[in-house]
Amino acid sequence: MAEHWTTGRLAAELGLGCDGAADVPLCGVGALDAAGPGQLSFCTGGRWLRALGHTRASAVIVESGVQVPTAVVPLRAADPRLAFARAAALLAPAWWPRPGVHPAAVLAATATSQGATVDALAVVEEGATVAPGAWIQSHAYVGRGATVGAGCRLMPHSVVMDGCVLEAGVWLQPGAIIGADGFGHAGGPGGVRIPQLGHVHLEEGVEVGANACVDRAALGETRIGARTRLDNLVQIAHGVRVGADTLLAAFTGVAGSATLGSRVRAGGRSSVVDGVVIGDDATLAAATGVTKDVEAGARVGGAPARRYRDWLRESVALRQLPRLLRAVAAVERRLEELERDRT
Amino acid sequence: MAEHWTTGRLAAELGLGCDGAADVPLCGVGALDAAGPGQLSFCTGGRWLRALGHTRASAVIVESGVQVPTAVVPLRAADPRLAFARAAALLAPAWWPRPGVHPAAVLAATATSQGATVDALAVVEEGATVAPGAWIQSHAYVGRGATVGAGCRLMPHSVVMDGCVLEAGVWLQPGAIIGADGFGHAGGPGGVRIPQLGHVHLEEGVEVGANACVDRAALGETRIGARTRLDNLVQIAHGVRVGADTLLAAFTGVAGSATLGSRVRAGGRSSVVDGVVIGDDATLAAATGVTKDVEAGARVGGAPARRYRDWLRESVALRQLPRLLRAVAAVERRLEELERDRT
Amino acid sequence: MAEHWTTGRLAAELGLGCDGAADVPLCGVGALDAAGPGQLSFCTGGRWLRALGHTRASAVIVESGVQVPTAVVPLRAADPRLAFARAAALLAPAWWPRPGVHPAAVLAATATSQGATVDALAVVEEGATVAPGAWIQSHAYVGRGATVGAGCRLMPHSVVMDGCVLEAGVWLQPGAIIGADGFGHAGGPGGVRIPQLGHVHLEEGVEVGANACVDRAALGETRIGARTRLDNLVQIAHGVRVGADTLLAAFTGVAGSATLGSRVRAGGRSSVVDGVVIGDDATLAAATGVTKDVEAGARVGGAPARRYRDWLRESVALRQLPRLLRAVAAVERRLEELERDRT
């Protein structure tokens with residue numbers, strides 16, 4: 001049975017201010033311009049204020065001081081976006097199936113999946129373990145000897161190759177590939193591929209985006225820390241180590257054996273060369289190309305990466321370069337004239 | 001039974017000039033250097049003219065005035081490439097299977113697929129609708145409550161997640177993922193993921209490339225306009241809106257809630273930051289990084305994006321920068337000398 | 001039964017120097033800090049020397065002159081990484097299944113797969129040929145009329161579309177897509193898609209990374225030369241030709257009809273525009289954007305690509321641009337003063 005929520009109960013649960021009616025029932029969420037009666041929305045100000053004036057939502061999460069239409073209950077939060085994310089998880093909880101193995105799933109004789117949900121046409125290979133409460137969706141693949149923790153969700157077409165380990169609560173978006181062979185090569189062109197004998201370990205609550213890849217290590221492990229999130233089409237090479245609570249945006253690529261700290265944020269299309277170390281809390285602007293170690297807490301941009309401020313200054317200066325070329329040519333002419341005069 | 005085509009009938013059908021024999025039978029197409037008797041080819045001039053001189057094709061589409069070997073029938077078009085594309089669709093129509101559900105397909109009890117083709121090991125979940133004439137290939141996945149229109153083709157390993165809508169004639173190349181969760185996060189590192197409760201709507205005739213991703217909206221919809229084509233490995237984030245007849249080349253990434261107009265062309269590896277608006281008919285050079293709104297019809301390049309002409313000028317100027325550094329050092333020495341003289 | 005290896009036998013087999021005990025048994029490999037008794041490791045010097053001092057491995061491959069702990073047998077090689085790659089293939093050979101078709105595999109009536117291994121839920125379509133010794137893993141797809149050579153390995157979720165040809169020993173990592181339609185379009189936005197009627201041919205020993213794509217040609221073939229390796233998320237467009245022993249790192253994109261020679265090395269995120277020719281043995285730095293032909297043996301960087309040395313020089317000069325702007329402003333002031341004096 002669905003839980004019954006009201007403005008007051010939600011405010012109490014999430015620690016929000018509520019200066020309107022506390023007994024308005026809430027049964028879902030929606031965008032400001034689409035939400036209707038019974039639904040909660042949120043407004044972060046700026047260009048969204050106009051939509052706020054016309055919303056038909058029953059309640060809206062806003063910062064203190066923001067005015068809402070009289071028919072709307074304002075719920076107050078310092079970070080409305082964050083508060084709404086938490087509220088949505090309560091008001092519109094993700095659907096989750098009951099445990100059970102679909103008759104068209106293929107489980108090897110030595111695989112275990114008690115208490116888990118395994119959908120049609122999923123494959124779980126020999127010696128693999130799927131913990132209770134995990135959900136293996138259709139066309140997902142769990143390789144030989146792999147471990148999938150409690151509450152994991154492997155969406156359709158996600159792949160966990162042999163021997164990889166997913167702790168509890170890991171989500172793989174569709175097409176995510178965990179444990180493909182790293183791109184190891186010795187002896188240059190015409191050389192040999194290096195056998196990739198390690199595995200991948202994803203800690204608790206990691207999320208891997210659609211068609212993203214985390215390669216197995218050549219030896220040992222590639223490891224992603226707790227709650228770290230990889231966006232779609234991210235590439236993590238063999239032997240990389242990433243800390244906890246790190247966020248890597250789409251198309252980011254991390255080369256072999258690099259180390260990223262915790263709470264790192266990388267903008268889309270960032271690159272990290274092999275072997276470098278990026279400290280905790282570092283921030284990479286979009287399209288940054290990291291070629292040397294980055295200190296904890298540093299903010300960098302550009303390729304090769306440098307202090308964000310320096311990079312911005314260079315980017316601005318670059319716009320003036322055509323003018324500068326003309327200016328220097330003019331200076332040279334004026335100098336020649338002065339020099340001619342002197343003689 | 002295959003249709004019978006001749007040079008004359010094809011010319012009439014496509015509005016081409018035909019100054020040779022009109023009764024030459026045509027039964028297929030080929031490249032200039034590979035086509036044989038009964039086949040049609042085309043030539044766009046330049047480096048292809050040499051191959052034209054030796055072709056064994058029975059007919060070749062060329063611009064007016066281009067000479068062809070005597071045994072070859074010239075068909076005249078202002079844009080031979082475009083005319084050939086149309087001709088190939090007639091002479092070598094794509095194979096399409098008869099309707100029917102393979103016994104090894106898995107359809108939920110409440111799914112409907114009457115008149116559609118569903119191949120082995122495809123999955124259609126509860127409440128999903130597949131329209132007559134659609135083709136769901138092996139290993140394709142149609143999520144709960146999703147809608148697949150008439151004449152859609154979901155190639156092997158393409159994925160349509162729950163509740164997404166594909167209008168008629170949409171093609172998903174292998175590995176394309178429609179409706180994965182957007183990369184929504186509130187509160188920074190250590191914060192919470194924002195539930196992604198919206199869906200994706202692909203209008204009539206959209207084509208999505210291999211391993212490309214179109215994420216569902218957090219609320220509301222991500223929408224791609226009619227006949228828009230996404231190349232392989234393109235990433236469209238949550239809540240993006242793209243107009244009709246737009247072409248986005250490989251590795252292009254569009255961040256959350258950005259809006260692209262109709263007939264936009266983006267070169268490979270273009271990036272668009274969240275929330276910006278790109279007008280109709282705008283052109284983005286390869287690897288452009290759009291950070292601000294782009295006017296309709298504008299041509300931009302560089303990162304951050306600026307007028308294409310300015311960017312070109314700066315790129316050229318950059319090549320002269322090492323020389324400029326030396327020139328300024330020389331200027332400074334000469335100035336010092338003049339200043340010394342003066343005193 | 002596993003083969004019995006000793007330090008002496010391995011040294012003889014691979015041509016390594018062995019100045020310690022020749023009779024130490026070896027049964028596996030490991031990283032310096034993880035290997036234990038009976039295992040082989042390697043050390044390339046530098047930052048790894050510390051781990052070498054504490055290793056519990058029974059033998060370590062090192063360059064001549066490098067000291068190892070007394071309990072460890074040193075095996076000498078000029079390139080320890082290369083020698084280790086070869087040794088690992090002997091000591092830890094990849095697991096390979098026995099031939100046979102799983103009852104839950106789906107083979108069309110006219111498909112042939114004698115002597116091959118076809119796992120559960122793999123699909124082999126009408127007229128496709130899978131050679132003896134090939135291994136088609138779960139959820140892999142082999143399209144109509146496709147050919148898969150001896151010893152090929154199609155990992156889970158890899159796709160070979162209709163009519164494509166894989167010679168012997170090709171490996172497709174999970175999610176690799178061979179033969180999707182090329183992004184061919186005529187007549188600009190609002191124009192028509194060009195039917196893609198060609199195929200893909202992968203020569204002997206090619207390896208394609210996870211979620212990488214090799215598109216079929218519009219006419220004729222897209223061809224990848226022997227032993228060439230594509231990293232994850234690489235994109236090869238229609239009609240491209242790549243030579244042998246070439247290495248393309250992650251996110252590299254090659255546009256339509258470009259030609260790459262043999263033994264080319266491209267760093268991650270390199271781009272090649274359509275139609276250009278890159279000679280044998282050329283090297284592309286990471287993120288290079290090739291817009292014109294590149295000579296054999298050349299080393300290039302930057303976008304647009306130029307000589308690597310010139311690009312480096314410009315990159316360094318760019319860092320001095322803000323200072324240069326100030327310097328030129330100062331020069332202009334001093335000039336004005338001199339000019340004022342003169343009059």
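Visitor: How many residues of chain B are in contact with chain A, and with how many there?
Guide: In this predicted model, 64 residues of chain B contact 61 residues of chain A.

Visitor: And how much area do the two bury between them?
Guide: About 5000 Å² is buried between chain B and chain A, with 68% of it on carbon and sulfur atoms.

Visitor: How many salt bridges are there between chain B and chain A?
Guide: The count is three. One of them joins A:Glu339 to B:Arg334, whose closest N and O atoms lie 2.8 Å apart. There are also 16 residue pairs in polar contact between these chains, both residues at pLDDT 80 or more.

Visitor: Which element gives the most to chain B's side?
Guide: That's α5(B), which gives 11 residues to the side of chain B that touches chain A. By residue type, that side divides into 33 nonpolar, 18 polar and 13 charged.

Visitor: Switching topic: how is chain C superposed on chain A?
Guide: A 120° rotation with 0.0 Å of shift along its axis does it, at an RMSD of 0.0 Å. The two copies are therefore related as by a three-fold rotation axis.

Visitor: Now the sheet in chain A. What's the strand order?
Guide: Eight strands run β12-β15-β18-β23-β26-β29-β32-β35 in an open sheet, with parallel pairing. At the edges are β12 (129–130) and β35 (277–278) of chain A; each has a single partner strand, so one side of each has no neighbour in the sheet.

Visitor: Which residue stands opposite A:Val242?
Guide: A:Leu260 in β32(A) does. Strands β29 (residues 241–242) and β32 (residues 259–260) of chain A pair in the parallel sense over two bridges.

Conventions. Residues are numbered from 1 along each chain as its sequence is written. Chains are lettered from A and ligands numbered from 1 in the order in which they are written. This is a predicted model: local features need pLDDT of at least 70, side-chain atom pairs count only at pLDDT 80 or more; totals for chains, interfaces and linings use all residues. Side-chain values use heavy atoms; hydrogens and water are left out. Two strands pair if DSSP finds at least two bridges between them. Helices (H or I, at least four residues) and strands (E, at least two) are DSSP runs, numbered from the N terminus. Copies are superposed by least squares on the C-alpha atoms of residues with pLDDT of at least 70 in both. Contact means heavy atoms within 4.5 Å. Buried area is the accessible area (1.4 Å probe) that two parts lose on being put together, summed over both. A salt bridge is a side-chain nitrogen of Lys or Arg within 4 Å of a carboxyl oxygen of Asp or Glu. A polar contact is a pair of N or O atoms within 3.5 Å; within protein, one must be able to donate a hydrogen and the other to accept it, and residues adjacent in sequence count only if both atoms are side-chain atoms. Ala, Val, Leu, Ile, Met, Phe, Trp, Tyr, Cys and Pro count as nonpolar, Asp, Glu, Lys and Arg as charged, and the others, Gly among them, as polar.
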